[in-house]
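Colleague: Could you take me through this one? I'd like to go from the ligand to the packing.

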Amino acid sequence: MSIGKLSSWGRYPRFPQTGHGIGWRSELPGELARVSAEHGTLLPFGNGRSYGDSCLATSDQVLHLRPLDRFISTDWQTGIIRAEAGVTLDEVLRLAIPRGWFLSVTPGTKFATLGGAVANDVHGKNHHVRGSFGCHVRRFGLVRSDRGRLEVAPGDADGLFAATIGGLGLTGIIDWVELQLMPIKSSLVDVVNIRFDSLDEFFALSRELDGQHEYAVAWIDCAARGASAGRGIYMVGDHAPEGGLAYDDKPKLSVPLVPPISAINSVSLRVFNHFYYNAAKPGRHPGRVGYEPYFYPLDRILHWNRIYGPKGFQQYQCVIPESAGGAAIGDMLDAIAAAHSGSFLAVLKRFGDVASPGLLSFPEAGATLALDFPEHGDATAKLFANLDAIVRAAGGRIYPAKDAHMGGEFFRACYPQWTQLEALRDPALCSRFWKRVTQA
Amino acid sequence: MKNILIVGATSAIAAACARRWCEGGARFYLVGRSADKLRQVADDLSARGAEVHTCELDLNFLESHASLVREAFAWLGRVDVVLVAHGTLPDQKACEQDAELAIREFTSNGLSVISLLTHLANPMEAQGSGSIGVISSVAGDRGRPSNYLYGSAKSAVTAFCGGLRARLFKAGVNLTTIKPGFVDTPMTRGLPLPAPLVATPEQVAADIAKAMDAGKGVLYTRWFWRYIMLIIIHIPDRIFRKMSM
Ligand SMILES: Cc1cc2nc3c(=O)[nH]c(=O)nc-3n(C[C@H](O)[C@H](O)[C@H](O)COP(=O)(O)OP(=O)(O)OC[C@H]3O[C@@H](n4cnc5c(N)ncnc54)[C@H](O)[C@@H]3O)c2cc1C
Ligand SMILES: NC(=O)c1ccc[n+]([C@@H]2O[C@H](COP(=O)([O-])OP(=O)(O)OC[C@H]3O[C@@H](n4cnc5c(N)ncnc54)[C@H](OP(=O)(O)O)[C@@H]3O)[C@@H](O)[C@H]2O)c1
């Protein structure tokens, strides 16, 4: 399986991966041994929804887990399901929603696999209430080249549970995951959209309202300049109390080809951001929407990453600790404006203080900002260096799942636990990301 | 609620078909040779809401086919859908050196299907309803030097199904001969296939479900294989014999 080459979502850096498809759990130990004997090291690969190089193997040889997509058991009384690592969040929702269950935590794409969601300990719009994905993982199966097949539960003596959650695929191949789902009464979401005119206003809204809602996130107009800078839309949501339990299976649009140049430029950016901002009227506007457009607006266009053209794009996502406040976020927006750059989508959210079970998990209490930039070589590198300086000064850190640029020294300073992960790393596994940040 | 018999139920293509059929409500009688894999497929279909019974059997054991069919009918009652999916991709070079191996592979891909369908046809004919899908292959359309042992077995299956379809049609039973081209499954793992021509098991399953529903006689999946094979079967032999496809 896995005909053709695999790549990361940002399509930058460009290192096509050879996928060795896994169709049955029983094949894992053998394939792990075979590929590592032939190529030295390798890496597990889910569905390639990571942006940077954390899903790319140093050897460019990956075990492709996506075909491993069976459910193992489901208990619709308790909402506990066990499924193979290649099952996507969408496939979970297809079964769970009609039975009144939803993912306790979901990222902004439903095409991530369970294995990938654990390995990056992904977060969603309800981090302030439920923490990260790993908080809802009850146990998982792990296959290691040196220790064979293990079943790992919280509090295990080796520390493999904590190391694997947010462990970037380095502690072994996850072959199945047992997950606690969250009950819902409806697949619809009650939302309130509130326009704000400054970052201060955002932080005030967030402090006032986050605690009253399951979901909260903001979109920032990062093409706005001068007096409008820092404007955006703050959006809260809750699962509706009624309205039916319907899995959404609408046909999708697709970007069939990579255009020769990026369709994202300063003009299209400004136009999009302007209309997006003005689509929301001033004041507080309640509404009811389906879970699909609410959680996964980008998934409606398959392969949307191709619009950035052959050079690809990078995402920049950081978290700034609560104590540093909003100033650093304002400085970052200024730096982006000064570089005459801008992001198609800029997402701002305040993480809560629910601790993650993961050793190297990214979320911590504070504000997280995520931005997409078309890859422009030196110009992008320069902008990112400026942003890094702001993040560092504020005591923040960068999300490995989205990263393709962070320097090793910066990484080791923000994630001092990396040495513990390195000690538990499966000797047969290594990613381009890991090599870059631990050896350079 | 459909009653469905799947022979070779651990096949990736069969599993993708089964998941589609789950959606309308289904009871499955699954036959395969690996107990461990069968259980995994059964667990997955049960999680999707189906009622499942498994039967561990090597289909090359032809003597067991009569009782297999009897037991499947006993458990399912009426049989609405049958999918015959098992198969192997023989090592052509090895088969050229070992006639016993060649016969064994011919049994896996050809004789076992013919034997099974012979046992199955009579109760289906008596039942007077239902739809049978048999996975043959585009490889059966013309023997090619790279895999003519496999191709000849599939060719036998295709010819057998053509006749059986015409017989069962009169009884109200449909038979669809399914001819996949390249599909990304464990069977083709590691082969250097041209990516644009390779379908996913899900795409092929969608074609199969639609064709069986529509009572179609012969299905090429993906559709373009009909035209690729049309060209291949019309290459004159004096040219074809120089090729190594
Ligand atoms: C549109 C979009 C929105 C997003 N929104 C969010 C968001 O809101 N929050 C968030 O946190 N993330 C978000 N992401 C990132 C995405 O959720 C993560 O990168 C996720 O981990 C991708 O999962 P994947 O299955 O595609 O894994 P891949 O990208 O293929 O791999 C990710 C990592 O998991 C490892 N891995 C994969 N499978 C296994 C396995 N079976 N065993 C061990 N390790 C494994 C890999 O080695 C790699 O290190 C978003 C991505 C996109 C494209
Ligand atoms: N993939 C392609 O490109 C392609 C193209 C044309 C036609 N086909 C046909 O499609 C069908 C399904 O194949 P697939 O692609 O889904 O591959 P697959 O996943 O490898 O499925 C083949 C299945 O047949 C089973 N099987 C083989 N011999 C058997 C026997 N004697 N008794 C019981 N079970 C047996 C195998 O069981 P084990 O797992 O236990 O070995 C395996 O599960 C086959 O008939 C194949 O010839 C495939």
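Colleague: How many residues surround ligand 2, and which are the closest?

Modeller: Ligand 2 is surrounded by 28 residues, the closest being B:Thr10, B:Arg33, B:Tyr150, B:Val183 and B:Thr185, where a residue counts if one of its heavy atoms lies within 4 Å. Bear in mind that this is a predicted model, in which local features need pLDDT of at least 70, side-chain atom pairs count only at pLDDT 80 or more, and totals for chains, interfaces and linings use all residues. Residues are numbered from 1 along each chain as its sequence is written, chains are lettered from A and ligands numbered from 1 in the order written, and side-chain values use heavy atoms, without hydrogens and water.

Colleague: Which atom of ligand 2 is 2.9 Å from the side chain of B:Asp58?

Modeller: A nitrogen atom of ligand 2 is 2.9 Å from an N or O atom in that side chain, while a polar side-chain atom of B:Thr185 lies 2.8 Å from a ligand oxygen atom. The protein covers 93% of the 880 Å² of accessible area that ligand 2 has on its own (Shrake-Rupley method, 1.4 Å probe).

Colleague: Switching to packing, which residues have the most contacts inside the largest nonpolar core?

Modeller: They are A:Phe102, A:Phe133, A:Tyr234 and A:Trp434, in a core of 108 residues; such a core joins buried Ala, Val, Leu, Ile, Met, Phe, Trp, Tyr and Cys residues through side-chain atoms within 4.5 Å, buried meaning under 20% relative accessible area with a 1.4 Å probe, protein chains only.

Colleague: And where does this core lie?

Modeller: Domain 1 (71-184) and domain 2 (188-406) of chain A both give residues to this core, so it lies between them, with the bounds taken from an automatic or database domain assignment.

Note on methods
Buried < 20%, exposed > 50% of the residue type's maximum accessible area, 1.4 Å probe, protein only. Polar contact = N/O pair within 3.5 Å; in protein donor to acceptor, adjacent residues only side chain to side chain.
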